[in-house]
Amino acid sequence: LSAALNRLAGVPVQRLLARPELPAAVALANRGLPARTVEGFLRPLLAALLCDPGLTTSSRCADLALRAFASGRLCVPEGGAETLPELLARSLPPGTVHTGVRVTSIATNLVTTADHGELRCRAVLVATDARAAAGLLPGLRVPGFHPVTVVHHTADEAPSTGAFLLLDADRGGPVAHTAVVSRVDPSRSPAGRPLISSTVLGAPPQDVDTAVRAHLSRLYGMSTTRWETLAVHHTAEAVPAMRPPHDLRRPVRLLAGLYVCGDHRDTSTVQGALHSGHRAASAILTDLGAGPMHAAEPLRTTATATATAASDEEEEEAAAA
Ligand SMILES: Cc1cc2nc3c(=O)[nH]c(=O)nc-3n(C[C@H](O)[C@H](O)[C@H](O)COP(=O)(O)OP(=O)(O)OC[C@H]3O[C@@H](n4cnc5c(N)ncnc54)[C@H](O)[C@@H]3O)c2cc1C
C-alpha cells in the first residue's frame, strides 16, 4: 500500500485528470485492488478526505485528494481552522480587512452592506460560500452539499492512539473518523486536558452525542461514559458536492470588475478555495493593468519557523563540515 501511495504521489496531475471520470466508489471497485485494501483503508480514507461517505464524488477529484495525501500526509492548522485566514490577513496593511460586515448587494463599482453603508470600488471579488455567492450573483449555480457534524469531547485520560487518525472501516456506528487532536496540536487542548474530535459524515442520527459516545467506546476500546461533551457542530452545507462531471476550474472572472472565488469554483477543499482565489486575483490584476502577480514570501508560522531554524542549522553544520 505504501509503495502504491508513493507511486501515486509521483503521477503528474495532468495524467490523473486524463483518466475516465466516474463516481469514486465505482472507480475504486474497478482498480483491481484487494478488497481488504479498498474496504479496510482506501474507502474510509477517501470518505474522510472528501467528506463524502457514499463516494459519489468524481474519481478525478478523489485521485487528486489521494495524491495530495500520498505526497503530504495529513495536517491541521495549529490553533484551529481560523489560523490560516488570520495569517493571510496579518500579511496585509492594518485596517485592510473588516470582519463582521454583511454584504447585501454588489455591482462592479459598489458594495452595499447591511450595517456599514456603501463602499465604492474598482472591482469586486465575491469570496463567500456557494449559496451566499449565488444570492449576491443571481444565476450562479448552487451545488449540492455534504453535511458534516463534528463532536468534541474531553476526558480524564486520553485514548492511547497517539496522534493517529482513526478511520472506521467497519461502519459500526456514526463516526467516520476520530483523533486525539490535542496530541496533534497541543494548543487546542482544553485546560491541559485531552481533546478528542470525531466526525460524522452525512445526516447525523437523532441523539448524535449518545450514538457517537457508544461508537467511540468501541473504536478506542475504553469507556466513554464519563467523557465530557464540549461541543457538537452541525454544518448542513459543509462541503460542495463534486459529482461527475466536475469542472475543476470554474470561471472566476464573470465580467471586467466582477469576480468570484471559493471552494465551489475549484475543489471543495481549503486548497481549492486558495487556488481559485489565486486565479481570481490574477484576473483582477490583469484587468486593472497592474501587471502579473508577484510570488509572495511563504507565510511565517511556528511550523515554518521551526523548519527554517532546522534547515539553517543543517546548512551551518554542512558549512562547518
Ligand atoms: C466541519 C467542516 C470540516 C471541514 N474539513 C475540511 C478539511 O479537513 N480539509 C479541507 O480542505 N476542507 C475542509 N472543509 C471545507 C473547507 O472548510 C472549505 O472548503 C473552505 O473553508 C472554503 O473556503 P472559502 O473561502 O471558499 O469559503 P468559506 O470558508 O465558507 O468562507 C466564506 C466567508 O464568506 C463570509 N460570507 C458569507 N456571506 C457573506 C456576506 N453576505 N457578506 C460578507 N461575508 C459573507 C462567511 O462569513 C465566510 O467567512 C471542512 C468544512 C467543514 C464545515
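**Salt bridges and spaces**

Reader: How many salt bridges does a search of the whole structure find?

Author: The search of the whole structure gives 14 salt bridges, a salt bridge being a side-chain nitrogen of Lys or Arg within 4 Å of a carboxyl oxygen of Asp or Glu. This is a predicted model, so local features need pLDDT of at least 70 and side-chain atom pairs count only at pLDDT 80 or more, while totals for chains, interfaces and linings use all residues. Residues are numbered from 1 along each chain as its sequence is written, and side-chain values use heavy atoms, with hydrogens and water left out.

Reader: Which residue forms a salt bridge with Arg171?

Author: Glu39 does, with the closest N and O atoms 3.4 Å apart. The pair links distant parts of the chain, 132 residues apart: Arg171 is in the loop between strand E6 (165-167) and strand E7 (175-180), and Glu39 is in helix H4. Helices (H or I, at least four residues) and strands (E, at least two) are DSSP runs, numbered from the N terminus.

Reader: Is Arg171 buried or exposed?

Author: Arg171 is exposed, at a relative accessible area of 52%. Glu39 has 37% and is partly exposed. The cut-offs are under 20% relative accessible area for buried, over 50% for exposed, and partly exposed in between (1.4 Å probe, protein chains only).

Reader: What about Asp209 and Arg213, buried or exposed?

Author: Both Asp209 and Arg213 are buried. Their side chains meet in a salt bridge at 3.2 Å, N to O. Both residues lie in helix H9 (residues 208-220), 4 residues apart, which is about one turn of the helix.

Reader: And Asp287, which residue does its side chain meet in a salt bridge?

Author: Asp287 meets Arg253, at 2.7 Å, N to O. Asp287 lies in helix H10 and Arg253 in strand E10 (residues 253-255), so the pair ties together parts that are 34 residues apart in sequence. Asp287 counts as partly exposed at 32% relative accessibility, and Arg253 is partly exposed at 40%.

Reader: Which residues do salt bridges that share partners join into one network?

Author: Asp156, Arg193, Arg226 and Glu228.

Reader: How much space lies in the largest cavity, and which residues line it?

Author: The largest cavity holds about 60 Å³. Its lining is made of Ala24, Ala27, Leu28, Arg31, Leu46, Ser59, Ala62, Asp63 and Leu66. H5 gives the most to that lining, with 4 residues, and helix H3 (24-29) also supplies at least two. By class the lining has 6 nonpolar, 1 polar and 2 charged residues. Ala, Val, Leu, Ile, Met, Phe, Trp, Tyr, Cys and Pro count as nonpolar, Asp, Glu, Lys and Arg as charged, and the others, Gly among them, as polar.

Reader: What volume does the second largest cavity have?

Author: About 30 Å³. Residues that line the second largest cavity include Arg141, Pro143, Asp263 and His264. Its lining divides into 4 nonpolar, 3 polar and 3 charged residues.

Reader: And the second largest pocket, what volume and how many lining residues?

Author: The second largest pocket has about 330 Å³ and 14 lining residues, with Ala4, Leu8, Leu33, Leu42 and Leu66 nearest its centre. Helix H1 (2-9), helix H4 (35-50) and helix H5 (59-72) each give two or more residues to the lining of this pocket. H1 gives the most, with 4. The lining of the second largest pocket has 9 nonpolar, 1 polar and 4 charged residues.

Reader: Last one. Where does Gly100 lie?

Author: Gly100 is in the loop between helix H6 (83-90) and strand E1 (103-107). Gly100 counts as exposed, at 73% relative accessibility. Its C-alpha atom is 9.8 Å from that of His116, which is 16 residues away along the chain.

Definitions and conventions
1 Å grid on protein atoms, 1.4 Å probe; cavity = no way out; pocket = protein on both sides within 12 Å on 5 of 7 lines; lining within 4 Å. Points joined across faces, edges and corners; volume = space filled by probe spheres on them.
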